[in-house]
Amino acid sequence: MSTLVVQDEVSEERHRFIEKLTPYLFISPWILGFLFFTLGPLIFSFIMSFYDWPVVGERTFVGLQNYEVMLTEDPLFWDSLWITVKFGLFFVPFNVILGLLLAVLLNQKVFGTGVFRTIFYLPSVISGVALVTIWAWIYSHEYGILNFLLGLAGIEGPNWLGDPNWSLLAIVIASLWGLGGTMLILLTGLQSIPKELYEAAKMSGVPAWARLIYITIPMLSPMLLFTVITSIISAFQQLTIALLLTGGGPLESTYFFAMYIYDNAFKYFEMGFAAANSWVMFLIILVLSMLVLKSSSAWVYYEGEMKNSEAADD
């Protein structure tokens, strides 16, 4: 009898172990992918940043020399960083604001809204090379459609990709072409806002602009926080469009920080130096994201927290 009890207990423990292990088996592909393709390369790049690491040849430990050279001796670091900051100052607010306006427009219940949602989202899934090909044709100084349309209005179009005064703006506009992802995220947030709030405000005579400011934006603020942070990350990782559209020119006016890292790694084959560049980018993005998160307490509204605080007051 005691043997049967012991066997039942062992079987039950084994069953409990299998139940606990099953969820981890389901997520094991993601865990393995994260370890081998994200965390592993991340740690390896951190180690590389302390070495003089040519593609071919002997690797030499140099300590903090890569960081010292980058910060004190290489003017391209500061130039590329400043160009990226200028790009971000335009790209981030426009990406969020235009994405929000598109989401508000496409949230209206009118005929054909689904078609327009698809049209505005499609550019965000186009490959970078195809996108560059389209914009190279649009921006062409000789036969581009943009300058052609400006000419119809009696305006002489600039050399968008050949003039340092216009090239950065051209990259900003081309990058905003893919704001469909931002629009879709904000549209999802808009559809989760209770309709009763708008109905009550409309019955009270609140105008549309006031409903947008006092209902839509506060209720959508968590989504706006997310899009601001992801837009900052996208701005600092901007590479494909500038690399293929202008190559960093003219006169390095579009030489982004990501292109600086790319050249050090795959043009000059200084892998250790490029790894140090990447870690500086990571720290800059981390600091900016933390600052945005720190400021979120002043402008982000979480409905669940508000309900909890009201319950506590009662």
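Buried here means under 20% relative accessible area. Keep that cut-off handy as you click around this predicted model.

Start with Phe87: at 0% relative accessibility, it counts as buried.

Next, go for Tyr51 and Trp53. Tyr51 is partly exposed at 25% relative accessibility, while Trp53, at 15%, counts as buried.

The model has 20 aromatic pairs in total. Back at Tyr51 and Trp53, the ring centres are 5.8 Å apart with the planes at 80 degrees, so that pair is edge-to-face. For a group of rings, select Phe46, Phe50, Tyr67, Trp279 and Phe282, which form one aromatic cluster.

Now for some backbone. Most residues other than glycine have a negative phi, and most peptide bonds are trans. Zoom in on Gly249 and Pro250: a cis peptide bond joins them, with omega about -5 degrees. Pro250 is in the loop between helix H11 (240-245) and helix H12 (257-266).

Leu251 is in the loop between H11 and H12. Its phi is positive, about 55 degrees, although Leu251 is not a glycine, and at 76% relative accessibility Leu251 counts as exposed.

Last stop: Phe269, in the loop between H12 and helix H13 (271-295). Phe269 also has a positive phi, near 60 degrees, and counts as partly exposed at 44% relative accessibility.

Key. Residues are numbered from 1 along each chain as its sequence is written. This is a predicted model: local features need pLDDT of at least 70, side-chain atom pairs count only at pLDDT 80 or more; totals for chains, interfaces and linings use all residues. Side-chain values use heavy atoms; hydrogens and water are left out. Rings of Phe, Tyr and Trp (its six-membered ring) pair if their centres lie within 6.5 Å; planes under 30 degrees apart count as stacked, over 60 as edge-to-face and the rest as tilted. Buried means under 20% relative accessible area, exposed over 50%, partly exposed in between (1.4 Å probe, protein chains only). Helices (H or I, at least four residues) and strands (E, at least two) are DSSP runs, numbered from the N terminus.
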